[in-house]
Amino acid sequence: MAYLEMRDISKRFGDVMANDHVCFSVERGEIHALLGENGAGKSTLMNILYGLYTATEGSIYIDGKKVEINNPLDAVALGIGMVHQHFMLIPALTVIENIVLGHAEEKEVLDLNRAAKEFEAFSERFGMKVDPWAKVSQLTVGQQQRLEILKALSHNAKILILDEPTAVLTPQEGKALFDVVRKLKEQGITVLFISHKLVEIMEICDRCTILRQGKKVITTEIANVKDAKELGSLMVGHTIEFNLNKKPAEPKEQVLVVDKLNYINERGVHVLKDVSFDVRAGEILSVCGVDGNGQSELIKCISGLLKASRGNVKIYGKEAGKCSVREILDMGVSHIPEDRQKYGMVADMSLCENIILMNYWHEPFTKKGFVNRKWNRQYSKELCDRFTVVAPSIDERIGNLSGGNQQKVVLARELDRHPKLLLATHPDRGLDIAATKYIQNQLIAARDVGAAVLLVSTELDEIMEISDRIMVMFDGRVMDILEQKNATVEKLGLLMAGATE
């Protein structure tokens, strides 16, 4: 009998069937991957297990006993922990203060010194030493992730869900995380591993369950899978073309010039420090770095969402620093934002309405001053087909779609504007391998017809494969700008961590 069983789990969101009678089982002490295309139902299934959603149908068993999980407190009490892709920590508090949050304390006065000593012994047991008195805001991203895992384990978690655990880590931090996961396995803890990185699944997991369109397709031993390419084919149901259609770049005139750009945020933190670079027509410059080192603010300063404290941004020689967002977009700029829900879409509007958001005032989207609904609907259907957006119809509320399909809508809209300058921030984050390769080829195609592409990514494999030049950022500064042929994953990883040699 399996340690964890989810039997005939179904979940509906309106007309969308996210999980369709899924049967999923895991053995005690195994590392089990959950894999599938965007909208396949992976996150929904794990959110049901952790109590964030309630299943429409189905039941859950742990150690042969049927359990009721109506909220995360129920899940925690049953020994289920979850480390989300976006950490749930309070930066202003210390490590030990974050740990004791949520723990019942018998004494009226909390003894942090005793708690800290217990935490140090506890963290050493799992090989994850973290200073209990350090403020969370002072920890590296890798240390924060260790803290999240320790938080879950401190609640006696026997089942640990890791959602895209390496998305924000350097290569060195990723290797350290895998060492931690192997130690957890040795101590009998079951790890459920959600990732789109097929190579990682091949390296760390024992078995893999694949979902497709809300249904379970197969559970297989990783040892029986030849390579990541075969795993990807099992996921999508056909052979994936992993090679990119990329020829050498032929850069031409300067499109974007950033000169000594500085940005000080509302809290007085100096986020960007004398950032200077240029991007030419017909090339892809990738910005590489761990999240939170100024990449987000850099793109927002270029796109007009933030105003720089000092320094210059020029697009085709025109000063853009004081222009509005629409004026910058009208210069031929397309922007794929990092936060699609905040900057890229309106959740309560339909797919069709979101697709025409950037162009509704131009012909043929508008005809004689009125929205050209017939043309817009046909255009939206064709665009959704080209970008394989999975939705009941173009009239579906975009907020009802999976995150991956929301991202595809934003990508489709921005790429189809045929930009002269394309600002792309994590354009394929959270997308499956087939969609990722499609998007990467679209970025290269935009480059090949003369667009200047500024790509922000934390995926070093992607950066090495797609870039013409690579700019590494750390603590708001440009560490180096390298030709792709002179870069290595190891060198980029060290620069991302702030090493100068």
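Predicted model: local features only at pLDDT ≥ 70, side-chain atom pairs only at ≥ 80, totals over all residues.

Me: How are α5 and α6 oriented to each other?

Reply: Two packed helices are described by the angle between their axes and the distance between the axes. Here, helix α5 (residues 141-154) and helix α6 (residues 171-186) have axes that come within 10 Å and cross at roughly 15 degrees. Helices are DSSP runs (H or I, at least four residues), numbered from the N terminus; axes are lines fitted to C-alpha atoms over the stretch in contact, with angles from 0 to 180 degrees between N-to-C directions. The pair α5 and α6 is therefore roughly parallel (under 35 degrees).

Me: Which residues of α5 meet α6?

Reply: V141, G142, Q145, R146, I149 and L153 in α5 meet E173, A176, L177 and L184 in α6 (contact means heavy atoms within 4.5 Å). This contact of α5 with α6 has six nonpolar, two polar and two charged residues. Ala, Val, Leu, Ile, Met, Phe, Trp, Tyr, Cys and Pro count as nonpolar, Asp, Glu, Lys and Arg as charged, and the others, Gly among them, as polar.

Me: At what angle do α4 and α5 cross?

Reply: The axes of helix α4 (residues 112-125) and α5 come within 11 Å and cross at roughly 105 degrees. That makes α4 roughly perpendicular to α5 (65 to 115 degrees). F119, F122 and S123 in α4 meet L147, L150, L153 and S154 in α5; by class, five are nonpolar, two polar and none charged.

Me: How many cavities of 30 Å³ or more does a search of the whole structure find?

Reply: Rolling a probe the size of a water molecule over the atoms shows where empty space is left. The search finds one. On a 1 Å grid over the protein atoms alone, a cavity is a set of points where a 1.4 Å probe fits but cannot get out, a pocket is an open set with protein on both sides within 12 Å along at least five of seven lines, and lining residues have an atom within 4 Å of a point. The largest cavity has a volume of about 60 Å³, and helix α9 (residues 295-303) gives the largest share of its lining, three residues.

Me: What lines the second largest pocket?

Reply: Its lining has 38 residues, with K197, E200, E459, L460 and D461 nearest the centre. The largest share, five residues, comes from α6.

Definitions and conventions:
Residues numbered from 1 in each chain as written. Heavy atoms only, no water. Helix = DSSP H or I, 4+ residues; strand = E, 2+ residues; numbered from the N terminus. Parallel < 35°, antiparallel > 145°, perpendicular 65-115°, else oblique. Points joined across faces, edges and corners; volume = space filled by probe spheres on them.
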